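Colleague: I'd like to learn how to read a model like this one. Could you walk me through it, feature by feature?

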Amino acid sequence: MKCRKCGESAVLELRRHNAAFCAPDFLDFFRNQVREAIRKYRMLEKDEHVLVAVSGGKDSLALWDVLIDEGYTTTGLYLDLGIFDYSIESRAKCETFAAARGVPLIVRSVAEEVGAPVPVIKDVTRRPPCSGCGLSKRYLMNRVALDHGIGVVATGHNLDDEAATLFGSITHWHTDALARQSPALPSTHAKLARRVKPLYRLSERETAAYAFVRKIDYIVEECPFAKGATSIAHKETLSRMEDASPGAKHNFLFGFLEKGRAAFERAEAVELRECVRCGQVTTGTVCAFCKLADQVKRAK
Amino acid sequence: VAGGRRVKDVLRELDILPETVLVIRGDELITADQVVRDADTIELRPVMSGGAS
């Protein structure tokens, strides 16, 4: 197979684009997709300080790598979830990456902030581990951004993540989630940082290939709690659709963003206020994070 | 698995969708039309990551 641009031997075929690329031209393609994402949704100003949420996995480290290369001022944020060896190893990957590139990394521990690590939160709440984990991450990303005066948080969500989330929301007709799903969420309150997903145009195979070609040392092993997660089941379903019809995932997600989302957004306006306990933004009186921390404290 | 075949045939025998893995030989990625020989070692690295609330 030959590279579409230069005719040299290709290293990666992208069926949904009906193309194959050599390593240097693939990196160009990848960076162009990130630039297009940032431009289309006006995600970042050129001189803006960006908080990059990193897990040690391929997506977030690839994102950090691209944003540094593109000239953004970045600070990494690693949230230690307390998930045994997985957390120890993934933290080390982030620290090595930050040290090699000379960029700052902030580390926060869920065990310290919530009162218990993710495995204990799972037992206390009797809900899937990803539930308390996701809630804690979203809360802490926003709070750390505010504490450091950073207006925008970038996460490594890719096309497959976004398509799987969309699939899950549609399966249950979670219209509030459909209203919120976007590659770029604006700040709707003085205490809310903007959230952007500059990799939403790239599949997880493309982010893995980018990380490999760029020799980024990322954690290949998956979070032990991801096994059996419904998001994985959704991804598997979508992958079979993609195999039968290349571009299916892309069309599913992009069609929603371009044609579907606005209708849900109009129908789902919510009033935001500040949590009476911690002062962070919530739709209720006490925010979900404080309720979670209470639940953990009561169980001790 | 036996070599002397294209990557895509190896993946089919293992029932792996090509979109779900990187195929690595040595320190390079290879495409599904490449032939792997019996003496080759290839790594099939899953690309799916998960977990979401």
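Modeller: Happy to. Read along the sequence, chain B goes β-α-β-β-β-β, which gives 1 helix and 5 strands. Helices (H or I, at least four residues) and strands (E, at least two) are DSSP runs, numbered from the N terminus. Bear in mind that this is a predicted model, where local features need pLDDT of at least 70 and side-chain atom pairs count only at pLDDT 80 or more, while totals for chains, interfaces and linings use all residues. Residues are numbered from 1 along each chain as its sequence is written, chains are lettered from A and ligands numbered from 1 in the order in which they are written, and side-chain values use heavy atoms, with hydrogens and water left out.

Colleague: In which order do the strands of the open sheet in chain B sit?

Modeller: The general idea is that strands of a sheet pair through backbone hydrogen bonds, either parallel or antiparallel. Two strands pair here if DSSP finds at least two bridges between them. In chain B, 3 strands form an open sheet in the order β3-β2-β5, with antiparallel pairing. β3 and β5 of chain B are at the edges with a single partner strand each, so one side of each has no neighbour in the sheet.

Colleague: How many bridges join β2(B) to β5(B)?

Modeller: There are 5 bridges between β2(B) and strand β5 (residues 42-46) of chain B. The hairpin of β2(B) and β3(B) has 2 residues between the strands, and B:G26 takes a positive phi near 65° in it.

Colleague: Is strand β2 of chain B mostly covered or mostly open?

Modeller: Covered: 4 of the 5 residues in β2 (residues 21-25) of chain B are buried. Buried means under 20% relative accessible area, exposed over 50%, and partly exposed in between (1.4 Å probe, protein chains only). Across the 53 residues of chain B, 36% count as buried. The C-alpha atoms of chain B fill a box of roughly 45 × 25 × 15 Å along the principal axes.

Colleague: What about chain A: which strands are at the edges of its sheet?

Modeller: That open sheet has 6 strands in the order β5-β4-β3-β6-β8-β7 (chain A), and its pairing is mixed. β5 (105-109) and β7 (184-185) of chain A are the edge strands, each pairing on one side only. β7(A) pairs with strand β8 (residues 194-196) of chain A in the antiparallel sense over 2 bridges, and A:A184 stands opposite A:V196 in β8(A).

Colleague: And why does the span of helix α6 of chain A agree with what it should be?

Modeller: The expected span of a helix is 1.5 Å times one less than its number of residues. For the 19 residues of α6 (residues 129-147) of chain A that gives 27 Å, and the end C-alpha atoms are 27 Å apart, so the two agree. Just after α6(A), A:G149 takes a positive phi of about 65°.

Colleague: Where is A:A269 found?

Modeller: In the loop between α11 (248-267) and β9 (273-274) of chain A. A:A269 counts as exposed because its relative accessibility is 72%. Its C-alpha atom is separated by 10.0 Å from that of A:R180, 89 residues apart along the chain.
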